[in-house]
Amino acid sequence: MRTYHIKFCERKKIFFGISLAIIAIGIIFNFIFGTSLDIQFTGGAVIRYSYSGSIQQGEVENIVKDASGKDVTVRIHEDMSTVNDPTQANNSVSISFAGTDSISLEEQQSIASALDEQYPDAHFEVVESSSVNPTMGKNFLLKCAMAVLIAFILLLVYVGFRFRKIGGLTAGAMAIVALLHDVLIVYFVFVVFRMPINDSFMAVVLTILGYSLNNTIIIYDRIRENRRLMGPKTPYAELVNASINQTLTRSIYTSLTTFVAIAAVFVVGSIYGLTSVTTFALPMMVGIVAGCYSSVCIAGPLYVAWEEHREKKRNAAAPVESK
């Protein structure tokens, strides 16, 4: 296996600068576009229709907006088992209306008539009509946020205990900072591509937390081994640089293979217009890259910077104590 000799810790300002620049750009886009929450978090109504043939997501959105006078989110779910004969496909389209008002029967009929007029051969039929109470939506959002917070706490405790011989709490805190970096990057993907924050966002975040932390733990494991092999007097920068370089090939290959697999899912979802698939796969691809980058270029150099800061404080305080 090839061994690299990249001085990650010495170039930490470059890595931190890249991350801060991306975050700054994301914040600017957030101010421009704002954050869009799906009805799962804000409340609203959902109508699901079955249809046959082929329809266009953008056209359906415009038709329903004109018929109902409300902002909508459309998700198309295509039956992949009958791709050779679209007329026999069991396809469905979900139309989400954000807000506190339910959709009346007259509005549903008006929407169905407009869809039938545009797609006379699609044979739209109502499969399900439901509403989400705004209070329930807010409670669900709070529960999701609490789940992420609990995950952070458990990860901090786990890393702090497992790597206590190399400053476990410091290592855990720096790993959490790297994970927060990944969560922000994923969030900005949803903002930039105007995708509503929904259950896909929570699934991507929790998946990336585990994936990115796994990469970081591999590096910490090597740091712990090298601390024993290289001795306690080895400078932190030299120790961490050696550990990251020794695990770099594995980190890159693991991330690359996962990225390619998710990219294939994204391509298939894009070809068949599977919005529910693409809104998960696209942020996942970006999250995988961000997770690999943060594990290699953020967590380790941050750990070194903090330990060197603590060492300087101890050295500065030593002469005073001796007097």
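This report walks through a predicted model of a protein, from its overall build to a few single residues.

## The overall build

The protein has nine helices and four strands.

The protein counts 323 residues, and 44% of them are buried. Its accessible surface comes to about 17,200 Å², and carbon and sulfur atoms hold 62% of that area.

## The largest pocket

Next, have a look at the largest pocket, which holds about 560 Å³ of space. It is lined by 27 residues, and those closest to its centre are Ser-36, Thr-73, Arg-194, Met-195 and Pro-196. Helix 3, strand 2, helix 6 and helix 9 each give two or more residues to this lining.

Which element gives the largest share of the lining? That is strand 2, with four residues. By residue type, the lining of the largest pocket is made up of twelve nonpolar, nine polar and six charged residues.

## Two buried serines

Ser-19 sits in helix 1, which covers residues 12–33. Its relative accessibility is 6%, and because buried means under 20%, Ser-19 counts as buried. The side chain of Ser-19 makes a polar contact with the side chain of His-181, at 3.1 Å. Apart from residues up to four places away in sequence, Ser-19 touches His-181, Tyr-293 and Ile-298.

Ser-295 belongs to helix 9, which covers residues 275–322. Is Ser-295 buried or exposed? With a relative accessibility of 1%, Ser-295 is buried. The side chain of Ser-295 reaches the backbone oxygen of Gly-291 at 2.9 Å. Beyond its neighbours within four places in sequence, Ser-295 is in contact with several residues, including Ser-212, Asn-215, Thr-216 and Ile-219. Gly-300 is another of the contacts of Ser-295.

## Two residues with a positive phi

Most residues other than glycine have a negative phi. With that in mind, turn to His-123, which has a positive phi of about 55 degrees although it is not a glycine. His-123 is in the loop between helix 4 (105–118) and strand 4 (125–132). The relative accessible area of His-123 is 53%, so the residue counts as exposed, for which the cut-off is over 50%.

Arg-194 also is not a glycine, and its phi is positive, at about 55 degrees. You have met Arg-194 already, as one of the residues closest to the centre of the largest pocket. Arg-194 is exposed, with a relative accessible area of 55%.

The table gives their separation along the chain and the distance between their C-alpha atoms.

| Pair | Apart in sequence | C-alpha to C-alpha distance |
|---|---|---|
| Lys-70 and Phe-97 | 27 residues | 7.1 Å |
| Glu-106 and Ser-68 | 38 residues | 9.9 Å |
| Ile-218 and Ile-244 | 26 residues | 9.1 Å |

Lys-70 is located in the loop between helix 3 (57–68) and strand 2 (72–77). Its relative accessible area is 24%, so Lys-70 is partly exposed, falling between the limits of 20% and 50%.

Glu-106 is part of helix 4. Glu-106 has a relative accessible area of 55% and is exposed.

Ile-218 is part of helix 7. Why does Ile-218 count as buried? Its relative accessible area is 17%, and buried means under 20%. If neighbours within four places in sequence are left aside, Ile-218 is in contact with Thr-247 and Arg-250.

Terms used: Residues are numbered from 1 along each chain as its sequence is written. This is a predicted model: local features need pLDDT of at least 70, side-chain atom pairs count only at pLDDT 80 or more; totals for chains, interfaces and linings use all residues. Side-chain values use heavy atoms; hydrogens and water are left out. Buried means under 20% relative accessible area, exposed over 50%, partly exposed in between (1.4 Å probe, protein chains only). Accessible areas come from the Shrake-Rupley method with a 1.4 Å probe; for residues, only the protein chains shown count as cover. A polar contact is a pair of N or O atoms within 3.5 Å; within protein, one must be able to donate a hydrogen and the other to accept it, and residues adjacent in sequence count only if both atoms are side-chain atoms. Contact means heavy atoms within 4.5 Å. On a 1 Å grid over the protein atoms alone, a cavity is a set of points where a 1.4 Å probe fits but cannot get out, and a pocket is an open set with protein on both sides within 12 Å along at least five of seven lines; lining residues have an atom within 4 Å of a point. Grid points are joined across faces, edges and corners, and a volume is the space filled by probe spheres set on the points. Ala, Val, Leu, Ile, Met, Phe, Trp, Tyr, Cys and Pro count as nonpolar, Asp, Glu, Lys and Arg as charged, and the others, Gly among them, as polar.
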